[in-house]
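Please consult the sequence and the structure alongside the text.

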Amino acid sequence: MLVLMEIWESIRDFVGTGGQVLYVVAIALFLMWVLMIERYWFLLAEYPKMKADIVAKWDARQDTTSWYAHRIRDAWISEASEKLEARMLIIKTLVAMCPLIGLLGTVTGMISVFETMATQGTGNARLMASGISMATIPTMAGMVAALSGVFFSTRLEARAKIAKEKLVDSLPHH
């Protein structure tokens, strides 16, 4: 319990240094990771069952050569593809938003620096330094959040593409 309290204190200190925008970065990061974990779960646990069901239905068909059969095959592939690509646009949007949210923190931090300069002059370096921290830390946090999202969402997208190609290959059309 003491360790959790220390971690929470560290997080509060970090947010205090970087400003309230870090909460928005954290929310975007949390949502992005929840969606990516859900997509990985789908790929590893749900999709194989779905693929096996589609392949079994295709293999059970008498007619696999007619125009009608090919349209059914295309529809099944399309449905599977749609489920594989579900929520990927939201994930990519969140990845792209993280640096922009960090930039918002930069702007608010610089406004704080300028306010300090306007009211206290340039002589108070300590107050200016806190504003500069508020300007740089959110940018860094947004970039780190985006980098983790870029790497894993790209891998996720590649895995979905490969899964779709394997499905297409396992439904031969004559």
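The points below concern helices, a loop residue and aromatic pairs.

The model is predicted. Its helices α2 (residues 21-60) and α3 (residues 67-84) have axes that come within 10 Å and cross at roughly 170 degrees. That crossing makes α2 roughly antiparallel to α3, because an angle over 145 degrees counts as such. The structure also holds four aromatic pairs.

**The contact of α2 with α3**

- On the side of α2, the contact involves R39, F42, L43, Y47, M50, I54, K57 and W58.
- These residues meet A69, R73, W76, E79, A80, K83 and L84 in α3.
- By type, the residues of this contact divide into 10 nonpolar, no polar and five charged.

**Helix α1 and the residue after it**

- Helix α1 covers residues 2-18, which is 17 residues.
- From its first C-alpha to its last, α1 reaches 24 Å, close to the 24 Å expected at 1.5 Å a residue.
- G19 follows α1 and has a positive phi, near 100 degrees.

**T64 in the loop**

- T64 is found in the loop between α2 and α3.
- The relative accessible area of T64 is 14%, so this residue counts as buried, the limit being under 20%.
- Between T64 and G16 there are 64 Å in space, C-alpha to C-alpha, and the two are 48 residues apart in sequence.

**Aromatic pair W33 and F152**

- One of the four aromatic pairs is formed by W33 and F152, which are edge-to-face at 5.0 Å centre to centre, with 65 degrees between the planes.
- W33 lies in helix α2 and F152 in helix α5 (residues 125-170), so the pair ties together parts that are 119 residues apart in sequence.
- W33 counts as partly exposed because its relative accessibility is 25%, and F152 counts as partly exposed at 30%.
- Ring pairs also link W33, F151 and F152 into a cluster.

**Aromatic pair W58 and W76**

- W58 and W76 form an edge-to-face pair, with 6.4 Å centre to centre and 85 degrees between the planes.
- This pair links distant parts of the chain, as W58 is in helix α2 and W76 in helix α3, 18 residues apart.
- W58 is buried because its relative accessible area is 2%, and W76 is buried with 15%.

Conventions
Residues numbered from 1 in each chain as written. Predicted model: local features only at pLDDT ≥ 70, side-chain atom pairs only at ≥ 80, totals over all residues. Heavy atoms only, no water. Axes fitted to C-alpha atoms, helices over the stretch in contact; angles between N-to-C directions. Helix = DSSP H or I, 4+ residues; strand = E, 2+ residues; numbered from the N terminus. Parallel < 35°, antiparallel > 145°, perpendicular 65-115°, else oblique. Contact = heavy atoms within 4.5 Å. Nonpolar A, V, L, I, M, F, W, Y, C, P; charged D, E, K, R; others polar. Expected span 1.5 Å × (residues − 1). Buried < 20%, exposed > 50% of the residue type's maximum accessible area, 1.4 Å probe, protein only. Phe/Tyr/Trp six-rings, centres within 6.5 Å; stacked < 30°, edge-to-face > 60°.
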